[in-house]
Amino acid sequence: MKKVRIAQWSELEDRVPAPALVANVDLVVVRFDEEVSVLYGRCLHRGARMADGFVRGDDLVCGVHNWDYQVSTGVSSYNPRECLQKFSSWVEEGGVWVDKDEISAWQERHPQPYDRDSY
């Protein structure tokens, strides 16, 4: 396991999605109460960044076409067959951490088509 710090806990606003990038994989970090959830950060519908969306109730909602995913699981509330990958995450020493090895392994199975050099 290779621990990577992706956010400062105190800087995350409750129920406000925040972006992160690890191993060329877009992530979305959501603090809810005293919990944290780190999900694949692209909507399964058209690839919009989920960090540009919003939280409504227990759902993370894509800001482009309103596709929804449960913050705690990544499972779509509308269509449970659709699911954003949820990655292991934890709060330690004031930061939010993930396992880069887990994300890298997922990325190998799901290569990302986004050309970040053109940003």
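**Exercise 1. Classify lysine 3 by accessibility and identify its salt-bridge partner.**

Solution. Lysine 3 has 37% relative accessibility, so lysine 3 counts as partly exposed. The scale sets buried at under 20% relative accessible area, exposed at over 50% and partly exposed in between, with a 1.4 Å probe and protein chains only. The model is predicted: local features need pLDDT of at least 70, side-chain atom pairs count only at pLDDT 80 or more, and totals for chains, interfaces and linings use all residues. Residues are numbered from 1 along each chain as its sequence is written, and side-chain values use heavy atoms, with hydrogens and water left out.

Next, apply the salt-bridge rule: a side-chain nitrogen of Lys or Arg within 4 Å of a carboxyl oxygen of Asp or Glu. The partner of lysine 3 is glutamate 92, with an N to O distance of 2.6 Å. Lysine 3 lies in strand β1 (residues 3-8) and glutamate 92 in strand β9 (residues 89-92), so this pair ties together parts that are 89 residues apart in sequence. Strands are DSSP runs of E with at least two residues, numbered from the N terminus. Glutamate 92 is partly exposed too, at 26% relative accessibility.

**Exercise 2. Describe the surroundings of aspartate 99.**

Solution. Start with location: aspartate 99 is in strand β10 (residues 95-99). Then check charge pairing. Aspartate 99 is buried and has no salt bridge; lysine 2, the nearest side chain of opposite charge, is 9.2 Å away. In this test Lys and Arg count as positive and Asp and Glu as negative, whereas His and the chain ends are not counted.

Now look for contacts, meaning heavy atoms within 4.5 Å. With neighbours within four places in sequence left aside, aspartate 99 is in contact with Met1, Lys2, Ser88 and Trp90. Finally, the side chain of aspartate 99 reaches the backbone nitrogen of aspartate 101 at 2.9 Å.

**Exercise 3. Work out the strand order and pairing of the three-stranded open sheet.**

Solution. The order is β5-β6-β7, with antiparallel pairing. Two strands pair if DSSP finds at least two bridges between them. β5 (54-56) and β7 (68-70) are the edge strands, each pairing on one side only. Strand β6 (residues 59-61) pairs with β7 over three bridges in the antiparallel sense. In this pairing valine 61 stands opposite aspartate 68 in β7.

**Exercise 4. Locate asparagine 24 and asparagine 66 and give their phi values.**

Solution. Asparagine 24 lies in the loop between β2 (18-22) and β3. Its phi is positive, about 65 degrees, although asparagine 24 is not a glycine. Asparagine 24 is partly exposed, with a relative accessible area of 34%.

Asparagine 66 is in the loop between β6 and β7. Asparagine 66 has a positive phi of about 65 degrees, again without being a glycine. At 45% relative accessibility, asparagine 66 counts as partly exposed.

Definitions and conventions:
Helices (H or I, at least four residues) and strands (E, at least two) are DSSP runs, numbered from the N terminus. A polar contact is a pair of N or O atoms within 3.5 Å; within protein, one must be able to donate a hydrogen and the other to accept it, and residues adjacent in sequence count only if both atoms are side-chain atoms.
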